[in-house]
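Visitor: I'm new here, and I'd like a quick tour. Could you show me the structure before we talk?

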Amino acid sequence: MKDIYQQQRAMRNMRQAALQRGVIAVLDIGSSKVACFVLQFDGPGIYRETDGVGPMAGQSNFRVIGAATTRSRGVRFGEIETMAETERAIRTAVQAAQKLAGVRVDHAIACISGARPASYGLDGEIALKNGKVGQGDVAQALASCEVPNFGRGRQVLHAQPVNFTVDGRSGLLDPRDHSGQTLGVDMHVLTVDGDAIDNLIHVIRRCDMELAGVASGSYMSALSSLVEDEQELGAASIDMGGGATGVSIFVRKHMIFADAVPMGGDLVTQDIAKGLRVPMAVAERLKTLNGGVEATGRDDRDLIELGGNTGDWETDRRTVSRADLIGIMRPRVEEILEEVGAILDAAGFDHMPSQQVVLTGGGSQIPGLDGLAARMLGRNVRIGRPLRIHGLPHQLTGPNFASTVGLALFAAHPQDEWWDFEMPAENYPARSLRRAYRWFRNNW
């Protein structure tokens with residue numbers, strides 16, 4: 001755990017140094033696209049204490065001065081599969097964004113959507129020596145949390161305090177300067193496959209940049225798409241990407257659970273390609289322009305030309321009804337939603353004060369998906385669009401850019417994490433396990 005703490009702290013220091021220089025890149029390396037935003041910050045003096053998100057970590061104003069996107073290569077199920085192909089795609093996006101921005105970027109913050117995420121809820125408590133909570137007391141309380149054995153090859157991606165208690169008074173976001181005798185903390189820890197993180201660091205270094213931070217793709221999508229009331233009362237964000245579908249649950253403005261389904265829009269495209277015997281590019285066009293999950297009587301008469309440019313006139317002139325296309329797409333979409341529903345049930349989402357579900361990602365744009373999701377998940381469902389950020393082109397404000405926009409917000413408004421505090425060297429956390437949903441059920 002000490003090695004993970006030091007590695008994350010080093011990345012956080014690199015991020016702060018990049019923000020001091022005023023420019024940093026954010027990279028969304030997905031299975032279907034690679035997006036890069038170049039952010040410009042206010043410069044020196046950007047850190048100030050606020051009462052908003054991340055009151056201890058500092059915040060900053062920023063704007064997008066360069067943005068580019070390209071088709072992803074070498075990424076499957078949200079993880080890097082072919083290093084050289086992924087490097088080429090990242091270089092293409094970064095160089096285009098740098099050209100628009102007119103600056104060179106040396107540091108990047110990236111998000112990862114696969115890597116088998118797993119959530120844990122930890123808690124700790126200490127006695128206050130001076131009768132008042134100080135910065136060192138917060139660090140000691142975090143260090144007192146008992147950390148489980150996450151398993152071989154696992155790395156901590158996020159470790160966030162989500163609740164503080166002083167003498168049993170719960171619900172404190174910032175306990176400093178509160179008087180009392182005991183300080184308790186509840187912390188949410190998200191772990192992922194270490195190999196996926198190592199591959200991400202390696203490919204970004206091959207692109208002549210340093211990784212200044214890494215975050216969960218589902219967490220980033222939720223940051224940009226959930227409105228304040230949804231983050232406060234409780235909501236689930238479902239990020240339907242090309243290779244993976246991420247699920248994150250928020251309550252009281254903190255993420256308390258995250259998981260992912262290794263299925264996404266690419267599988268729907270493959271089903272169309274196999275079912276209609278057309279190339280993947282044609283299948284993607286059919287899914288985007290004519291797809292859906294709700295068939296009507298008119299769809300039987302609505303014929304679509306498949307095309308394909310095979311050179312065979314008979315093959316290129318084939319048609320298919322929209323009802324047949326929907327019949328191919330719907331079973332796979334239902335399978336993904338069934339997996340998402342199982343994750344929400346396992347996480348105890350039924351116990352939330354509010355049960356709002358927000359769909360984001362490129363897959364969320366399939367017509368009729370919100371209605372199908374509402375029936376299958378049994379909850380209020382809406383399509384989420386990311387927040388508008390200064391300088392972002394209009395064509396990059398759709399649901400498929402939710403994680404990229406969230407990554408920009410994460411860079412500017414960091415949430416408090418375990419490695420933001422100076423841990424006592426002799427008091428690194430040791431052992432005990434509790435799943436996040438069980439912790440949530442017992443403590444909220």
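Guide: Happy to, and keep in mind that this is a predicted model. Let's begin with two helices, H7 and H10 (residues 322-346), whose axes come within 9 Å and cross at roughly 140°.

Visitor: Which residues of H10 make the contact with H7?

Guide: On the H7 side you'll find Leu267, Val268, Asp271, Ile272, Gly275 and Leu276. The residues of this contact divide into eight nonpolar, one polar and two charged. Facing H7 from H10 are Leu325, Ile328, Met329, Arg332 and Val333.

Visitor: Let's move on to H5 and H12. How many charged residues are in their contact?

Guide: Helix H5 (residues 217-225) packs against H12 at an angle of about 80°, with the axes 7 Å apart, and so H5 is roughly perpendicular to H12. H5 brings residues including Tyr219, Met220 and Leu223, while H12 brings Val405, Leu407 and Phe410 among them. By class there are eight nonpolar and six polar residues in this contact, and the charged count is none: no charged residues.

Visitor: And H2 with H4: is that crossing left-handed or right-handed?

Guide: The axes of helix H2 (residues 83-101) and helix H4 (residues 194-206) come within 9 Å and cross at roughly 55°, which means H2 is oblique to H4. In the contact, Met83, Ala84, Thr86, Glu87, Ile90 and Arg91 of H2 meet Asn199, His202, Val203 and Arg206 of H4. By class, that gives four nonpolar, three polar and three charged residues. As for its hand, the crossing of H2 and H4 is right-handed.

Visitor: What about the largest pocket: which element supplies the largest share of its lining?

Guide: The largest pocket holds about 1200 Å³ of space. Of the 47 residues lining this pocket, the closest to its centre are Ser32, Gly242, Asp266, Glu284 and Lys287. Elements that each supply at least two lining residues include strand E3 (62-71), helix H7 (265-276) and helix H12 (402-412). The largest share, six residues, comes from H8.

Notes:
Residues are numbered from 1 along each chain as its sequence is written. This is a predicted model: local features need pLDDT of at least 70, side-chain atom pairs count only at pLDDT 80 or more; totals for chains, interfaces and linings use all residues. Side-chain values use heavy atoms; hydrogens and water are left out. On a 1 Å grid over the protein atoms alone, a cavity is a set of points where a 1.4 Å probe fits but cannot get out, and a pocket is an open set with protein on both sides within 12 Å along at least five of seven lines; lining residues have an atom within 4 Å of a point. Grid points are joined across faces, edges and corners, and a volume is the space filled by probe spheres set on the points. Helices (H or I, at least four residues) and strands (E, at least two) are DSSP runs, numbered from the N terminus. Axes are lines fitted to C-alpha atoms, for helices over the stretch in contact, and angles run from 0 to 180 degrees between N-to-C directions. Contact means heavy atoms within 4.5 Å. Ala, Val, Leu, Ile, Met, Phe, Trp, Tyr, Cys and Pro count as nonpolar, Asp, Glu, Lys and Arg as charged, and the others, Gly among them, as polar. Angles under 35 degrees count as roughly parallel, over 145 as roughly antiparallel, 65 to 115 as roughly perpendicular and the rest as oblique. A crossing is left-handed if the near helix is turned anticlockwise from the far one by less than a right angle, and right-handed if clockwise.
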